[in-house]
Amino acid sequence: MGALTPLVLEAVRFGYGSERVLDGLSLRVEAGEGVALLGANGAGKTTLTRLAMALRHPQQGRVVTCGRLTAGKKPEDFADVAGYLFQNPEAQLFARTVRAEVAFGPERMGWHPPRVMEAVDRVLGELGLASDAARHPYDLPGPTRRLVALAAALVGSPRLLILDEPTAGLDRGARVRVAEVVLALRAQGAAVLAVTHDLGFAAEVLDRAVVLEGKRVTRDAPLSDLLGHHPDFPAPPLLDLARRLGLEGVRPAIGTLAPLLTSPPETGTLQA
Amino acid sequence: MSALEMQGVGFTYPGESAPALVQCTVHAESGAVTWLTGALGAGTSTALLVAAGLAPRHTGGQRSGQVRTLGLDPAGHSSPGSLGGRVALVLSSPATQLSGIAETVAQEVAFAPANLGWPRERIHEGVARALAILGIPHLAGRDPGTLSGGEMQRTVIAAMLVLEPELWLLDEPTSALDAAGRALMHALLRTEAARGAAVLIASEDTDGVAAVADRLIVFEAGRPVLDGRPDDLLRGDPVWNAGAASTTIAALGRAAGIRAPRALTVDEGVAQWAR
Amino acid sequence: MTAAPGSFAARAHPFTPLVVTLCIAVVAIALPGPAAVLYLYAATLILVVLTGTGRAALRALVPLAPLWFFLVLLHGVLGDGEQTTVLGVALSRNGLTLAATQAARLGAIATASLALYTSFSPARFVDAVAERGWPFSMSYLVVATLLALPRFRARAASILEAQRSRGLRLRGSPLNRARAIGPITFPLLLGALAEVDERGFALETRAASGVTRRTALAPPPDTRMDRLTRWAAVAAAGSAVAWRVLG
């Protein structure tokens with residue numbers, strides 16, 4: 001695992017035609033961080049993620065992804081270090097089986113077949129897709145197809161994972177899987193950058209909030225400092241409950257809070 | 001008579017062996033918000049399409065049983081004209097609901113009223129009102145193709161609101177909206193019901209809809225299995241046994257081994273667990 | 001619409017460019033070549049520049065150039081009769097004449113079509129149809145056809161982005177490029193079909209298939225110049241057909 005910073009943006013200016021979307025924007029995302037990219041509806045957040053993946057290039061300033069300057073490079077040059085989950089990712093599915101779909105990326109990158117198979121099996125297992133491996137993606141329900149797209153973004157063991165509304169259209173089971181996978185990825189040292197409206201998901205798996213407003217970053221703080229303390233970002237239910245029960249430091253997820261709440265009221269105070 | 005009456009309705013999509021709806025009997029009343037939920041594939045989305053008549057008219061497939069939407073069979077041949085503008089359908093992917101011919105958001109919202117032949121003045125007033133209610137008057141001159149997901153979803157809802165429909169059919173209408181947008185949407189459901197419209201919404205956003213729905217119908221394997229007040233149903237186990245889910249706090253309670261009736265909101269949760 | 005704002009093409013009543021383009025196509029097919037057709041092509045180019053859609057003339061050359069090359073080769077090589085030498089290759093003079101005729105025909109039609117496409121405004125067209133008292137379903141066919149292409153391109157672009165982010169390379173060996181076809185076309189076609197379905201739903205519920213007279217929101221003015229132009233175009237087309245049939 002290298003020591004390259006997953007993402008650095010320095011004084012980036014970017015716009016479409018005469019309209020500037022980002023101006024003088026700087027941001028650093030370190031290894032292991034989980035960043036929630038927040039802000040009003042508009043092109044700023046998604047634009048930033050496109051810049052990170054070299055899908056667009058800044059008109060001024062620099063973007064360095066996993067130690068590589070994006071200037072002059074193309075998105076396929078970053079496929080080995082970064083994974084991007086697009087909105088409506090099922091639009092990109094094309095292979096005949098889930099396995100072939102997920103194997104597409106590594107094969108394009110020239111991996112040897114045994115390595116491809118091992119990576120595909122691993123990621124399908126992590127996302128609970130092993131039983132669907134031989135099925136046609138289009139035969140699967142919507143949330144499962146999104147998980148297939150996520151598997152495709154994860155199979156290369158990216159150092160930077162970019163997610164654009166990852167929980168939209170997911171049912172509860174799929175949301176739980178995505179949350180587990182994101183936490184595991186961060187624990188391994190990869191960085192996660194997510195554009196999301198799902199504050200419950202963000203509170204559960206991310207820890208840093210970067211707010212985009214007026215073409216640049218206006219707030220960069222721990223997520224828990226922002227949630228519930230800013231009118232645009234109310235505290236999601238589990239975080240709100242945890243705080244009010246004095247469990248502020250516990251990850252606001254059902255899996256981590258439930259064990260602390262099982263002691264029946266008669267047996268005394270809660271364990272924190 | 002209810003705004004929507006589905007009696008023993010069965011529906012199978014073309015090419016599918018298993019039916020999407022089986023003996024489905026649902027009534028939706030005017031002036032109330034009826035909420036549908038269920039596990040993946042339980043049939044809530046299909047029920048809405050059948051209510052709109054789009055299944056089987058657009059989707060193909062076989063429908064059995066009786067459907068009366070505002071007193072008419074929505075899939076009948078005479079209906080396309082008669083229900084136009086009286087039934088609003090909002091689906092979860094805003095991009096495909098744009099007309100594709102509007103150059104501005106205002107034109108997009110004016111699309112349906114213009115098709116119905118409304119006089120120009122009435123259209124302009126209606127559009128301005130709808131944009132204001134959805135909080136997007138500043139987008140009136142924008143090209144719909146340049147909108148973000150949330151802006152697009154608000155535009156699509158405004159485009160239906162302008163018609164002052166008698167029946168709303170909504171399938172996950174808040175998927176692209178942020179917290180403020182969701183709050184706005186939920187408030188809108190209540191004001192529409194107060195205006196006398198029947199609101200039928202399929203949604204997995206239990207935390208958001210629980211507070212505004214008058215009635216909850218839980219679907220399982222193509223048919224409604226539970227029907228009652230959200231407050232009552234969400235506190236118990238049957239909703240979970242049916243493959244659906246309750247609020248986040250109730251889910252936490254269930255995971256923590258708390259027995260029914262469970263706390264639904266954060267306030268109730270604090271009362272339940274705090275010392 | 002990418003025609004220059006304020007130009008004739010942008011200000012014209014939506015039916016005018018449509019009628020003119022159709023008539024140019026009819027005239028191009030009806031006129032016997034090569035001189036008349038070449039004049040027609042030249043006239044089309046001038047018309048396109050004067051009405052503010054001059055860029056269409058240049059953009060039309062992109063598909064036209066290889067077609068022209070192919071025509072010269074085909075007719076020049078296979079043609080009979082007297083031969084002439086062009087760049088060291090012996091080509092039939094008759095064949096070259098035929099090639100010139102076909103080339104000019106294609107040129108006129110392609111340039112006029114592209115000019116129509118760039119000056120087309122769906123909202124104005126729909127309003128023009130509504131003003132005439134016709135229901136929306138009539139205009140939708142024309143509009144949907146003309147809008148299908150930009151939507152398709154936008155979808156293709158976003159699929160391409162997704163696949164490139166997974167490592168799809170477009171440069172390199174022919175095998176490499178061939179491998180890129182599946183990951184782009186398959187989801188493109190499936191997505192386009194699904195979109196047609198979903199869009200059909202939305203339009204249905206917004207009374208698009210109704211038979212009521214649609215309200216024109218901002219009806220475009222139909223000036224005397226517009227009407228004159230259309231009649232002149234139809235007259236020219238009629239004359240060309242008559243000339244061909246009778247003469």
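This is a predicted model: local features need pLDDT of at least 70, side-chain atom pairs count only at pLDDT 80 or more; totals for chains, interfaces and linings use all residues.
Colleague: How many of the residues in chain C are buried, as a percentage?
Modeller: Here a residue counts as buried if 20 or more other C-beta atoms lie within 10 Å of its own. Chain C has 247 residues, and the buried share of them is 39%.

Colleague: Chain C is divided into domains, I see. How far apart do the C-alpha centres of domain 1 and domain 2 of chain C lie?
Modeller: Domain 1 of chain C covers 8-125 + 220-246, while domain 2 covers 135-205. The C-alpha atoms of the chain fill a box of roughly 65 × 60 × 30 Å along the principal axes. Between the C-alpha centres of domain 1 and domain 2 of chain C, the distance is 30 Å.

Colleague: What kind of residues does domain 1 of chain C have on the side that touches domain 2 of chain C?
Modeller: In this contact, four residues of domain 1 of chain C meet five residues of domain 2 of chain C. On the domain 1 side there are no polar and no charged residues, and the four are nonpolar.

Colleague: Now to chain B. At what angle do helix 4 and helix 6 of chain B pack?
Modeller: Two packed helices are described by the distance between their axes and the angle between them. Helix 4 of chain B spans residues 105-115 and helix 6 of chain B spans residues 149-161. Their crossing is right-handed. The axes are 7 Å apart, and the angle is about 40°.

Colleague: Which residues of helix 6 of chain B meet helix 4 of chain B?
Modeller: Helix 4 of chain B brings B:V105, B:E108, B:V109, B:F111 and B:A112 to this contact. Counting both helices, the contact has six nonpolar residues, one polar and one charged. From helix 6 of chain B come B:T155, B:A158 and B:A159.

Colleague: Which element of chain B has the lowest mean pLDDT?
Modeller: Chain B as a whole has a mean pLDDT of 91, and 97% of its residues reach 70 or more. Among its elements, strand 7 (residues 198-202) has the highest mean, 97. The lowest, 59, belongs to helix 3 (residues 79-83) of chain B.

Colleague: Last one! Which element gives the most to the side of chain A that touches chain B?
Modeller: The contact takes 28 residues from chain A and 28 residues from chain B. Helix 6, helix 8 and helix 9 of chain A each give two or more residues to the chain A side. With five residues, the one that gives the most is helix 8 of chain A.

Note on methods:
Residues are numbered from 1 along each chain as its sequence is written. Chains are lettered from A and ligands numbered from 1 in the order in which they are written. Domain bounds come from an automatic or database domain assignment. Two residues are in contact if their C-beta atoms, placed from the backbone, lie within 7 Å. Ala, Val, Leu, Ile, Met, Phe, Trp, Tyr, Cys and Pro count as nonpolar, Asp, Glu, Lys and Arg as charged, and the others, Gly among them, as polar. Axes are lines fitted to C-alpha atoms, for helices over the stretch in contact, and angles run from 0 to 180 degrees between N-to-C directions. Helices (H or I, at least four residues) and strands (E, at least two) are DSSP runs, numbered from the N terminus. A crossing is left-handed if the near helix is turned anticlockwise from the far one by less than a right angle, and right-handed if clockwise. pLDDT is the predictor's confidence in each residue, from 0 to 100. A residue is buried if 20 or more other C-beta atoms lie within 10 Å of its own, exposed if 12 or fewer, and partly exposed in between; C-beta atoms are placed from the backbone.
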